[in-house]
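Please look over the structure shown below before reading on.

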Amino acid sequence: MRRKHIDSKRDEIVQAAERLFALKGISETSVRDIGKEAGVTDSAIYKHFSSKDELIKELLTQYLIRYAELIDRIGAEPLSFRERFDQLLLAIIDQHDANPFGLLLLGERYLYLASTLQDKRLPLHAMSDFLDSGIKSGELPPQDVKLTSTLFFGAVLNLIRINQIGLVHPKSPADYLQEIRSRFYGLLGLRM
């Protein structure tokens, strides 16, 4: 029973950190803030994580891996590029609606993590391969897949950030998916 309590406190700390990092930013969130949000002391946090950086790295690594796997899984589907891309957009929006903080966190420290996680497959690599498959099948025009992937993620992250405060649309991006799809098709060189 004790192990379950320890694990649940750890989960509460991670969830509190995730919320605060996404809402306030990583640098503006202190260990004390996380403890207050999770209802634990600073020392309880340090029982689970040696530093704030370790907590950040663990949390963001989970998201990087999750999104890279999501892109790879959809990219491997035996569908046309357009059908796979539509599935990917919907899956990213569903992930956001289920947990609005994950994507925001990825944008916060992506470059730091990319340099520290060189042995992991990153979403940028997965998206580049995804786009490359569309080029090889002749469904996408030739393009710099890393640049397009970077623009794609930048657009998604900014859409989520601005949507979070209600400036773009008061509803979920799922409510205006057709318009989002149309804009991304243009980025990729596809016609509706």
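Helices here are DSSP runs of H or I with at least four residues, numbered from the N terminus. The model is a predicted one. Just after helix 2, Gly39 takes a positive phi of about 75 degrees.

**Overall make-up**

- The protein chain has 9 helices and 0 strands.
- Read from the N terminus, its elements run α-α-α-α-α-α-α-α-α.
- The chain has 192 residues, and 41% of them count as buried.
- Among contacts between residues at least 6 apart in sequence, 68% join residues at least 24 apart.
- The chain exposes about 10300 Å², and carbon and sulfur atoms supply 53% of that area.

**Helix 2**

- Helix 2 covers residues 31-38, and its buried residues are Val31, Ile34, Gly35 and Ala38.
- These residues lie on the same side of helix 2, because they cover an arc of only 100 degrees around the axis.
- Arg32 and Lys36 are exposed on the other side of helix 2.
- An α-helix has 3.6 residues a turn, so residues three or four places apart point the same way.

**Helix 4**

- Among the buried residues of helix 4 are Leu55, Ile56, Leu59, Leu60, Tyr63 and Leu64.
- Thr61 is also one of the buried residues of this helix.
- Further along helix 4, the buried residues include Tyr67, Ala68, Leu70, Ile71 and Ile74.

**The nonpolar core**

- In soluble globular proteins, nonpolar side chains tend to be buried together.
- The largest nonpolar core of this model has 55 residues.
- Within this core, Ile34, Phe85, Met127, Phe130 and Phe152 touch the most other members.
- Helix 4 gives the most to this core, with 10 residues.
- Leaving aside residues up to four places away in sequence, Phe152 touches Phe85, Leu89, Ile92, Met127, Phe184 and Leu187.
- Ile34 in this core is also one of the buried residues of helix 2.

**Salt bridges**

- How many salt bridges does a search of the whole structure find? The search finds 10.
- One of them joins the side chains of Glu12 and Lys9, with N to O at 3.4 Å.
- Glu12 and Lys9 are 3 residues apart in helix 1 (residues 2-24), which means that about one helical turn separates them.
- Glu12 is partly exposed, with a relative accessible area of 31%, and Lys9 is partly exposed at 23%.
- Lys24 forms a salt bridge with Asp33, with the closest N and O atoms 2.9 Å apart.
- Lys24 has a relative accessible area of 39% and is partly exposed, and Asp33 counts as partly exposed at 24%.
- Asp72 forms a salt bridge with Arg121, with the closest N and O atoms 2.7 Å apart.
- Asp72 is in helix 4 (residues 52-75) and Arg121 is in the loop between helix 6 (102-116) and helix 7 (123-136), so this pair ties together parts that are 49 residues apart in sequence.
- Asp72 counts as partly exposed at 29% relative accessibility, and Arg121 is partly exposed at 34%.
- Salt bridges that share partners join Asp72, Arg121 and Asp129 into one network.

Terms used
Residues numbered from 1 in each chain as written. Predicted model: local features only at pLDDT ≥ 70, side-chain atom pairs only at ≥ 80, totals over all residues. Heavy atoms only, no water. Salt bridge = Lys/Arg side-chain N within 4 Å of Asp/Glu carboxyl O. Helix = DSSP H or I, 4+ residues; strand = E, 2+ residues; numbered from the N terminus. Buried < 20%, exposed > 50% of the residue type's maximum accessible area, 1.4 Å probe, protein only. Core = buried A, V, L, I, M, F, W, Y, C linked by side-chain atoms within 4.5 Å. Contact = heavy atoms within 4.5 Å. Arc of directions from axis to C-beta. Areas by Shrake-Rupley, 256 points an atom, 1.4 Å probe, with all protein chains shown as cover.
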